[in-house]
Amino acid sequence: MSNRSSDLWKSQSWKKHQQNLFRLQKRVYKAVRSGDLKKARSLQKLILKSRSAQLLAVRQVSQLNKGKKTAGVDGQLSLNYRQRAELVETLNDHASDWKHNRLREIPIPKKNGKVRMLKIPTLADRAWQCLIKYALEPAHEATFSANSYGFRTGRCAQDVQKRLQLHLKSDCNGITKRVIELDIKKCFDRISHSSIMKRLIAPASIKLGIFRCLKAGINPGFPEQGTPQGGVVSPLLANIALNGIEEIHTSLRYADDMVIILKPKDNAEKIMNKIKNFLAERGMEINEEKTKLTKTTDGFDFLGWKFRVQQNGKFRSIPSAENFAKLRDKVKAIINSSNYGAELKAKKLAPIVRGWRNYHSSCDMSNSRDTLWFISKTAHRKFRKEKKVSRYRATKLCNKAFPKVGYKQNQHVNVKGTKSPYDGDLVYWSNRNSQLYSGATSDALKKQNHSCGHCGLRFKEDQTVHLHHIDGNHDNWKKKNLLAVHQSCHQQIHWSTPKGEDI
């Protein structure tokens with residue numbers, strides 16, 4: 001029976017399922033943009049009933065998500081092939097009348113000494129939330145502000161970085177401007193349930209399910225507030241509640257973090273009062289301790305960067321001290337570990353360093369701190385102390401552990417206005433997505449015309465690109481041996497090998 005379930009799951013035409021779902025989502029987006037909410041709600045019901053959407057939702061939470069092996073209150077860590085098939089049938093029968101389970105609470109310490117409570121749904125509830133998100137997201141993407149970037153498909157932190165440069169560059173007299181660094185007090189814990197429900201574009205069955213989802217994670221002290229951190233749909237609900245705050249004044253928002261840009265004549269107090277009233281309607285308030293008014297020449301931290309307008313009027317951004325400290329701590333923990341040797345240390349360091357350098361590739365990375373010169377020298381010294389590691393070998397391992405990534409200030413290209421992946425412009429979005437990668441991945445994408453080397457579909461903005469080594473040798477990085485594929489396609493390729501049962 002298990003082999004039959006395995007074969008049925010692996011034989012699914014995921015390419016066809018993605019096309020079916022995307023076709024419906026495009027229609028939802030188009031209906032909301034044209035103001036036909038009745039048609040949009042009918043299409044959302046179709047998504048709930050769609051077998052393609054149900055299969056993709058189960059696959060997303062049980063195979064692709066990073067938290068796929070995190071248990072909810074039922075203690076279930078993962079799903080085998082038979083359980084995945086059973087969950088698809090459960091979604092098919094009960095998606096429109098879903099009974100949400102309680103949430104597993106995990107305390108997460110914050111840097112100020114306080115504790116943030118992460119609330120984890122069961123795998124079944126996560127699959128339902130993912131299915132609901134498929135229906136809700138295209139509808140609200142049609143209404144979201146162009147100045148909102150966090151937890152949205154097709155948008156990233158680098159868009160905010162570039163927009164700040166455009167607002168604060170010398171041509172725009174950035175040296176004369178000020179910035180309000182806005183912090184919302186316990187945003188996810190204080191969002192009013194009624195404010196979310198009032199703004200939802202959805203049929204009654206989805207609204208009822210969302211209401212039950214919100215009530216499953218309530219704080220007894222605030223029974224009418226809060227969206228659980230840890231749920232698949234929670235970031236989308238927060239964006240729905242906060243949508244519109246960006247229009248009060250020139251500003252950029254990334255989830256619940258926000259910077260408001262002031263010209264010399266702008267009245268900061270008046271703007272802040274408007275924002276307070278906006279938040280009060282949604283059950284939230286400003287965190288007075290963390291919210292501050294800053295001159296652009298003094299500099300400010302946002303999304304892991306330090307932004308500052310220099311005295312000569314030029315805009316500059318570098319990794320923030322806090323962001324660098326986090327990287328340094330991660331690297332030191334691996335280098336100083338006695339659990340594994342130099343080879344494994346280099347292998348573990350490479351993706352961390354590459355990811356950090358990719359994130360900051362539109363910064364000025366020229367100073368010795370950000371080139372990681374001192375850290376790499378320390379690593380070289382530690383590698384030399386390992387048994388049977390020569391100076392030459394240590395140098396080679398350091399080059400592997402600290403891969404080079406090119407950088408250029410303000411090179412990032414912004415997403416155009418209110419464009420959304422659901423507008424159907426696949427050429428624009430696949431080309432834009434490929435620009436987020438560099439090196440071997442970028443070369444492979446260009447060679448394949450920004451399409452997956454396995455299924456042939458263009459890469460969507462929220463899909464991770466994997467590099468597949470055709471000959472199975474992960475030390476062979478020749479261009480002809482590399483194939484850019486979807487994460488899910490990479491799984492299918494390796495399913496034919498004994499070790500590739502489930503990546």
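How many salt bridges does the structure hold? In this predicted model, the count comes to 17.

Take Glu89 and Arg51 to begin with: they form a salt bridge in which the closest N and O atoms sit 3.1 Å apart. This pair links distant parts of the chain, with Glu89 in helix H5 (residues 81–94) and Arg51 in helix H4 (residues 51–64), 38 residues apart. Neither end is hidden from view: Glu89 counts as partly exposed at 35% relative accessibility, and Arg51 is likewise partly exposed, at 35%.

Next comes Asp97, whose salt bridge partner is Arg212, again with 3.1 Å between the closest N and O atoms. Asp97 belongs to the loop between H5 and strand S1 (104–109) while Arg212 is part of helix H10 (residues 204–216), so this bridge ties together parts that are 115 residues apart in sequence. On the accessibility side, Asp97 is partly exposed with a relative accessible area of 38%, and Arg212 is partly exposed too, at 24%.

Glu141 lies in helix H6 (residues 123–141) and Arg152 in the loop between H6 and helix H7 (157–168), so the bridge ties together parts 11 residues apart in sequence. Both count as buried because the cut-off is under 20% relative accessible area: Glu141 has 2% and Arg152 has 5%.

Another arginine to look at is Arg59, found in helix H4. With a relative accessible area of 4%, Arg59 is buried. Setting aside residues up to four places away in sequence, Arg59 touches Trp9, Trp14, Gln18, Leu64 and Ser488.

On to the nonpolar side of things. In soluble globular proteins, nonpolar side chains tend to be buried together. The largest nonpolar core here has 74 residues, and the members touching the most others are Tyr134, Leu136, Ile210 and Leu279. What does Leu279 contact, leaving aside its neighbours within four places in sequence? The list runs to Ile184, Leu242, Ile245, Met284, Glu285 and Ile286. There is also a second, separate core, made up of 41 residues, and among them are Leu164, Trp305, Ile335 and Ala401.

Finally, a look at one strand pairing. Strands S4 (residues 251–254) and S5 (residues 257–262) run antiparallel and are joined by four bridges. In one of these, Ser251 has Ile260 of S5 as its bridge partner. The two strands form a hairpin with two residues between them, and in that hairpin Ala255 takes a positive phi near 60°.

Terms used
Residues numbered from 1 in each chain as written. Predicted model: local features only at pLDDT ≥ 70, side-chain atom pairs only at ≥ 80, totals over all residues. Heavy atoms only, no water. Salt bridge = Lys/Arg side-chain N within 4 Å of Asp/Glu carboxyl O. Buried < 20%, exposed > 50% of the residue type's maximum accessible area, 1.4 Å probe, protein only. Core = buried A, V, L, I, M, F, W, Y, C linked by side-chain atoms within 4.5 Å. Contact = heavy atoms within 4.5 Å. Pairing = 2+ DSSP bridges.
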